[in-house]
Amino acid sequence: MKKIISVIFIGLAGIFTLTDLNAQTDPAKVIEQLQKFSWMVGDWQGDAWYLDRDQQKVQLEQKEHIQFRLDGTIITMEGTGYNKPSGTEESKIVFQAFGIFTFDMTSSKFVLRAYRGGNFIDSEFTFNPDGSFSWGISS
């Protein structure tokens with residue numbers, strides 16, 4: 001009896017998994033939506049800043065490696081920030097982050113999951129009509 005219940009449970013789990021996967025099976029729409037951000041793809045470097053825990057502005061040099069992956073259905077972003085402590089010529093890594101960006105067809109929304117320091121956040125992401133975008137987290 002336990003074997004039959006286990007087989008039924010595994011079979012139902014498989015059906016639900018396939019149903020969930022089928023909800024996002026048309027990659028053409030995802031690829032089309034992500035093409036709006038093709039201008040970001042590449043290697044970037046320049047001055048940047050962020051607010052630290054005390055809400056103090058920290059200047060740094062930021063490097064980004066951004067690329068399409070999984071046949072154009074996601075964009076990955078890897079960023080590293082460098083800072084030169086006063087009185088030294090050596091740069092020190094002060095910021096590292098990795099993000100995965102895609103379009104969720106089920107919700108018709110862009111999704112950004114960012115990882116940093118062993119943690120992650122899911123960001124609200126909006127593509128604005130003027131071609132700009134904004135993202136952030138709810139408090």
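Student: What do the buried residues of helix 2 pack against?

Tutor: In this predicted model, the buried residues of helix 2 pack against strand 2 (57–69), strand 3 (74–83), strand 4 (92–104) and strand 5 (109–116). Helices (H or I, at least four residues) and strands (E, at least two) are DSSP runs, numbered from the N terminus. Residues are numbered from 1 along each chain as its sequence is written. Because the model is predicted, local features need pLDDT of at least 70, side-chain atom pairs count only at pLDDT 80 or more, and totals for chains, interfaces and linings use all residues, while side-chain values use heavy atoms, with hydrogens and water left out.

Student: Which residues of helix 2 are buried, and what puts them on the same side of helix 2?

Tutor: In helix 2 (residues 27–34), they are Val30, Gln33 and Leu34. They cover an arc of only 95° around the axis, and therefore lie on the same side of helix 2; the arc is that of the directions from the helix axis to the C-beta atoms.

Student: Why is Thr102 called buried?

Tutor: Buried means under 20% relative accessible area, exposed over 50%, and partly exposed in between (1.4 Å probe, protein chains only). Thr102 has a relative accessible area of 18%, so Thr102 is buried. Thr102 lies in strand 4. Contact means heavy atoms within 4.5 Å; leaving aside its neighbours within four places in sequence, Thr102 is in contact with residues including Val30 and Leu34.

Student: Why is Tyr82 called partly exposed?

Tutor: Tyr82 has a relative accessible area of 23%, so the value falls in between the limits for buried and exposed. Tyr82 has its place in strand 3. Leaving aside its neighbours within four places in sequence, Tyr82 is in contact with Leu60, Glu61, Lys63, Ser91, Lys92, Ile93 and Val94.

Student: What makes a space a pocket, and what volume does the largest pocket have?

Tutor: On a 1 Å grid over the protein atoms alone, a pocket is an open set of points where a 1.4 Å probe fits, with protein on both sides within 12 Å along at least five of seven lines; lining residues have an atom within 4 Å of a point. The largest pocket has a volume of about 1300 Å³. Of the 38 residues that line the largest pocket, the closest to its centre are Gln62, Glu64, Phe95, Ala97 and Trp135.

Student: Which strand gives the most to the lining of the largest pocket?

Tutor: Strand 1 does, with eight residues.

Notes: Points joined across faces, edges and corners; volume = space filled by probe spheres on them.
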